[in-house]
Amino acid sequence: MDLTTVLSAMQTVVAQPEAAGISSAAVIKAGALIGAGICMGFGAIGPGVGEGFAAGKACEAIGRNPQEAGLLTRTMLIGQAVSESTGIYSLVVALLMLFVVGK
Amino acid sequence: MEFLDAHTWELVGRYLGAGLALGLGGIGAAVGMGLSAGKANEAIIRQPSEQGTLLRTMLIGQAVGGSPSIFALVIGLLILFKPAGGDVVGATFAAVTIGAGISIGLGCFGSGLGCGWPGGAACEGVARNPRQSTSITSSMIIGQAVAQSPSIFATVIALIFLFRAPSVTGLAAFGVCLGAGIAMGAGALGPGIGSGTAAGGAVHGSSRWPQSSGSTLRTMLIAQAVSQTPAIFGMLVAFIMLFALPDLDLGIEGFARTLGAGIAAGFGGIGPGIGSGTAGDYACRVTAARPRIDALTLRTMLIGQAVSQSTAIYALIIALLLLFVV
């Protein structure tokens, strides 16, 4: 079994899914399902890191000035809510791919 | 699946799996040990008279921090030399070995890297305060031990892969193995790094303010526990795929559902794991410096970490929807 045969078999699957026994509707649905996973998985990285950083700096600031803990917690939560927005965009797009495109 | 014979599939799986296990699994430990060594050099320049103690601290930190790469080595050798047998042959064997390689490789990356921060902070701390070297070393070892638990989860999942046949066949078996491998491996990556940074902050704090090291260690352990939730989500999704999979299309749709669920649960845990660790790092330093407000600091840290975990929960929901609903 050489590499050329393997590559031509893969090419058949990619170029003519029907010939390999897979309908194109199934390929489209599969793309939407994997896409939903990639969208939410990678989309969750940024908000997680950013919100954690905001929480760390809030702890540092409270250590300097504990009297302002209420104000600092409120500011932290507002900043985190803004940072959360891209995670929510990812969630919305992933749900669209699962229930609208992938149906 | 038919365009390669069974023996070729087996070799492809062994070589790719072992390569992923050792290639990815070695990166974290190597960088982490380098972080410790760099800090040890700085510390020896500052305190040449304590070079014996500093060298010992560095070596203990590197030895503990190197164990994830040894887990990866053991699993890599098992992947290469474990005899194929039973009903796991051909393409399924390749899927199983590649999945085990991804799980252990990515899982050991995070913990190995994370162990570098407490190692480096301990060398700095011993140079600053040589008489406290025993207590600094023990808080370093506690922090590193907890930071290693994600890599132990990944080792368990890799062993399950190697010794238990997946419940599905065909293209879906590839989806299950790749998906469960990514869910566990990538899910352990962030928590490994995050638990390490939290431990680094605690070792730094307890070496500068030894009198408050009890409350610092408590804050560190809570921060590490929260930071490891995404690894537990990843392990949960991997367990569902390996043991409790619902009736699944065995063709491309089953492949897409399991692979997509694995990517969502795994990569979705990286950010929350690292972020919760950063919050823990700062909270440990503040608790050490100002033990009288430790409850307030702990509360702020927990609120911040809870918000930071929300995206991991969205990712878990998408993974469960992919497996059970769509």
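The model is predicted; local features need pLDDT of at least 70 and side-chain atom pairs pLDDT 80 or more, while totals for chains, interfaces and linings use all residues. Residues are numbered from 1 along each chain as written, chains are lettered from A in the order written, and side-chain values use heavy atoms, without hydrogens or water.

**Chain A**
- Chain A has four helices and zero strands. Helices are DSSP runs of H or I with at least four residues, and strands are runs of E with at least two, numbered from the N terminus.
- Along the sequence the pattern reads α-α-α-α.
- Chain A has 103 residues, and 37% of them count as buried. Buried means under 20% relative accessible area (1.4 Å probe, protein chains only).
- Of the contacts in chain A with a separation of 6 or more, 71% join residues 24 or more positions apart. Contact means heavy atoms within 4.5 Å.
- Chain A exposes about 5,500 Å², with 70% supplied by carbon and sulfur atoms. The area comes from the Shrake-Rupley method with a 1.4 Å probe.

**Helix H8 of chain B**
- H8(B) runs over residues 170–208, 39 residues in total.
- The helix reaches 58 Å from first C-alpha to last, close to the expected 57 Å. The expected span is 1.5 Å times one less than the number of residues.
- H8(B) is largely enclosed by the rest of the structure, because 36 of its 39 residues are buried.
- Ser206(B) lies in H8 of chain B. Ser206(B) is buried, at 9% relative accessible area.
- Beyond residues up to four places away in sequence, Ser206(B) touches Ser139(B), Ser213(B), Thr216(B) and Ala288(B).

**Second largest pocket**
- The second largest pocket holds about 160 Å³ of space. A pocket is an open set of points on a 1 Å grid over the protein atoms alone, where a 1.4 Å probe fits, with protein on both sides within 12 Å along at least five of seven lines; lining residues have an atom within 4 Å of a point.
- Of its 13 lining residues, Lys39(B), Trp117(B), Ala121(B), Gly200(B) and Arg285(B) are the closest to its centre.
- H5(B) gives the most to this lining, with five residues.

**Gly66 of chain B**
- Gly66(B) sits in the loop between helix H2 (51–65) and helix H3 (67–81) of chain B.
- Gly66(B) is buried, at 5% relative accessibility.

Definitions and conventions. Buried < 20%, exposed > 50% of the residue type's maximum accessible area, 1.4 Å probe, protein only. Points joined across faces, edges and corners; volume = space filled by probe spheres on them.
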